[in-house]
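My notes follow, in the order I looked things up.

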Amino acid sequence: MKNRMKDRIPASMALAALLVVFLAGAPLLRAQAPSRFLGTITAISGDMLTVKTDTQGDRQVQVPATAVIKRIAPGQRDLSKAETIQYSDLASGDRVLVRLDPDAPGPTAQALQIVAVKQEEIALKQQKDREDWQMHGVGGLVKSVDAASGVIVLNSGSGATAKTITVRTTKATTLKRYAPASVRFDTAQPAPLDAIHAGDQLRARGIKNPEGTEIAADEVVSGTFRNISGLVTSVDTAASTLTVKDLATKKQVTIHITPEAQMRRLPDMMARMLAARLKGTTPAAGGAGQGAGGGQGGGQWSGGGANRGQWGGQRGGPGGGDSQQMLSRAPAIQLADLKKGDAVMLVSTEGSSEVTGITLLAGVEPLLEAPEASQNLLSNWSMGSSAGAAEAAQ
């Protein structure tokens with residue numbers, strides 16, 4: 001079941017826009033090119049900042065009284081509109097671009113300038129972006145790409161709600177591609193249309209027709225991932241890995257589990273209900289309410305509500321927003337909760353014998369009876385959950 005799949009919902013575009021600002025050569029950053037880094041503040045002690053950088057691990061920097069500290073709104077592109085703030089205004093969780101003073105004496109790195117985006121403002125922007133993608137976005141597995149006309153055809157949904165979506169792009173459409181081994185929207189890079197291939201996961205945002213079968217895309221993000229279904233043969237919590245025998249290839253695959261991986265286990269009733277829907281049958285109403293909602297009632301899964309865990313705004317039926325919500329509400333688990341013999345389905349980076357897990361779902365024995373539809377269901381959820389969107393911006 002080595003399927004190439006579609007991508008996880010774009011997370012906060014605030015950080016991507018901030019990076020564009022930093023790299024676009026705004027006046028404050030143009031004077032010279034000292035070393036600099038982008039990351040998230042993890043600790044503040046006296047005049048020392050500890051920053052978890054996006055590419056270089058943790059770095060410590062001293063912030064002298066002469067350092068210029070600016071605060072900019074998420075998505076703001078004009079540093080001349082940035083507000084000057086005090087060092088005491090910085091807090092753990094803030095995103096910062098730190099420019100280092102190349103003339104600082106001694107071995108300790110010193111900040112010449114810090115440009116910050118406040119954590120709470122990032123959270124608000126993330127929420128707004130998620131809602132916008134859910135309202136104006138579509139997603140699915142790429143069926144075909146016509147680079148000449150700029151048209152991409154997607155297969156979206158699962159089971160009875162499966163449909164074809166036509167994505168129309170123009171020269172004004174922003175096209176991005178996920179970095180290898182990543183589903184972080186803020187690290188996605190510009191890429192041409194011909195970088196998109198059949199089987200890729202893709203999400204587009206723009207103006208949809210009422211049926212949601214066609215969209216004039218303002219923005220497209222795509223990537224190539226692998227879908228694995230199989231049985232756990234071993235778990236190594238010390239190494240943060242598990243080994244799975246892929247049911248499609250009959251080969252062992254080592255799965256590396258990072259802190260960003262989403263791992264959940266379906267309760268048996270929920271798994272059976274999802275499997276019934278994917279196979280086109282309808283479980284008893286009482287069973288649906290008890291299994292999926294934990295006493296919250298079957299109405300939770302009838303297609304209403306915000307549909308926070310879906311890709312394309314589909315509602316009701318197999319693979320629709322209610323199914324995505326169900327998956328997102330399944331209990332979270334840790335690597336240590338898995339054992340030999342457990343059936344799992346997962347989305348991972350590409351690779352034959354070693355991959356990095358992005359999303360893992362356990363308790364899926366009933367779903368494996370409808371493997372193709374289950375793959376699409378997992379794809380939609382894993383790349384479109386609101387939790388994943390938030391994590392991708394950290």
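Predicted model: local features only at pLDDT ≥ 70, side-chain atom pairs only at ≥ 80, totals over all residues.

I began with Asp246 and Arg226, and both are buried (buried means under 20% relative accessible area, exposed over 50%, partly exposed in between, with a 1.4 Å probe and protein chains only). Residues are numbered from 1 along each chain as its sequence is written, and side-chain values use heavy atoms, with hydrogens and water left out.

The side chains of Asp246 and Arg226 form a salt bridge at 2.9 Å, N to O (a salt bridge is a side-chain nitrogen of Lys or Arg within 4 Å of a carboxyl oxygen of Asp or Glu). Asp246 sits in strand β17 and Arg226 in strand β16 (residues 226-236), so the pair ties together parts that are 20 residues apart in sequence.

I then searched the whole structure and got ten salt bridges. One of them joins Glu214 to Arg168, with the closest N and O atoms 2.8 Å apart. This pair links distant parts of the chain, with Glu214 in strand β15 (residues 214-223) and Arg168 in strand β11 (residues 163-168), 46 residues apart. Glu214 is partly exposed at 32% relative accessible area, and Arg168 is partly exposed at 40%.

Arg177 and Asp200 also meet through their side chains, at 2.7 Å, N to O. Arg177 is in strand β12 (residues 174-177) and Asp200 in the loop between β13 (189-190) and β14 (201-208), 23 residues apart. Arg177 is buried at 15%, and Asp200 is buried at 1%. I also noted a network of salt bridges linking Asp132, Arg205 and Glu219.

**Back to β17**

Thr241 lies in β17, which covers residues 241-246. Is Thr241 buried or exposed? It is buried, with a relative accessible area of 11%. Skipping neighbours within four places in sequence, I found Thr241 in contact with Val235, Asp236, Thr254, Ile255, His256 and Leu335 (contact means heavy atoms within 4.5 Å).

**Around β21**

Which way do β18 (residues 252-256) and β21 pair, parallel or antiparallel? They pair in the parallel sense, over three bridges (two strands pair if DSSP finds at least two bridges between them). Strand β19 (residues 262-265) also runs parallel to β21, joined by four bridges, and Gln262 has Thr359 as its bridge partner there.

Strand β20 (residues 343-348) pairs with β21 in the antiparallel sense over five bridges, and Met345 stands opposite Leu361. β20 and β21 form a hairpin with five residues between them, and Gly351 in the turn has a positive phi of about 155 degrees. I count β21 (residues 354-362) as mostly covered, since seven of its nine residues are buried.

**Helix α4**

Eight of the eleven residues of α4 (residues 268-278) are buried, so this helix is largely enclosed by the rest of the structure. Among them are Met270, Met273, Leu274 and Arg277.

Terms used
Helix = DSSP H or I, 4+ residues; strand = E, 2+ residues; numbered from the N terminus.
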